[in-house]
Amino acid sequence: MAAMLYLPRLFVYHAEATTGSEKSETFKVMERRLLKGIATPAMIVTWLAGLFLVWQGGWITSGWLHGKLLLVVLLSGIHGMLSKWTREFANDANKRSSKFYRVMNEVPAVLMLGIVILVIVKPF
């Protein structure tokens with residue numbers, strides 16, 4: 001989650017940097033390493049561990065789990081968008097403003113909050 005929360009913040013600063021500048025090139029390295037070295041491996045491990053826990057706990061018919069899985073799938077979709085945006089920045093093809101990335105920075109946090117609430121409260 002740390003990578004999912006930090007990568008959009010890097011995009012905010014990168015969008016404000018001049019294309020081709022030393023700062024922009026530094027952000028490219030940071031974004032690539034964060035995505036490929038932390039976010040993607042963590043997502044894979046999380047999915048595998050989560051599916052194992054669902055199977056072992058016998059929660060497949062639980063309503064709260066279905067809600068949680070929906071939010072996790074949405075979070076995985078955000079990961080895919082972050083991957084796309086990382087490639088766009090790497091190719092100096094970003095067309096979005098820093099304001100857009102400021103808003104997108106909040107989406108993983110909101111999804112995470114929903115996931116945690118569903119797991120702890122188990123409302124249905």
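Student: Which residues line the second largest pocket, and what makes them lining residues?
Tutor: They are K28, E31, R32, L35, K36, S83, T86, R87 and A90. Each counts because it has an atom within 4 Å of a pocket point. A pocket is an open set of points on a 1 Å grid over the protein atoms alone, where a 1.4 Å probe fits, with protein on both sides within 12 Å along at least five of seven lines. The model is predicted: local features need pLDDT of at least 70, side-chain atom pairs count only at pLDDT 80 or more, and totals for chains, interfaces and linings use all residues. Residues are numbered from 1 along each chain as its sequence is written, and side-chain values use heavy atoms, without hydrogens or water.

Student: How does the lining of the largest pocket divide?
Tutor: It has 17 nonpolar, four polar and one charged residue. Helix 2 supplies the largest share here too, nine residues.

Student: What is the volume of the largest pocket?
Tutor: It is about 450 Å³, and the second largest pocket holds about 150 Å³. A volume is the space filled by probe spheres set on the grid points, which are joined across faces, edges and corners. Of the 22 residues lining the largest pocket, the closest to its centre are M1, M43, T46, V72 and L75.

Student: Why is residues 2-16 called helix 1?
Tutor: A helix is a DSSP run of H or I with at least four residues, numbered from the N terminus. Helix 1 has 15 residues, so it passes that cut-off.

Student: Which residues of helix 1 are called buried, and why?
Tutor: They are A3, M4, L7, P8, L10, F11, V12 and H14. Buried means under 20% relative accessible area (1.4 Å probe, protein chains only), so each of these falls below that limit. Buried residues make up 33% of the 124 residues in the protein chain.

Technical notes. Helix = DSSP H or I, 4+ residues; strand = E, 2+ residues; numbered from the N terminus. Nonpolar A, V, L, I, M, F, W, Y, C, P; charged D, E, K, R; others polar. Expected span 1.5 Å × (residues − 1). Buried < 20%, exposed > 50% of the residue type's maximum accessible area, 1.4 Å probe, protein only.
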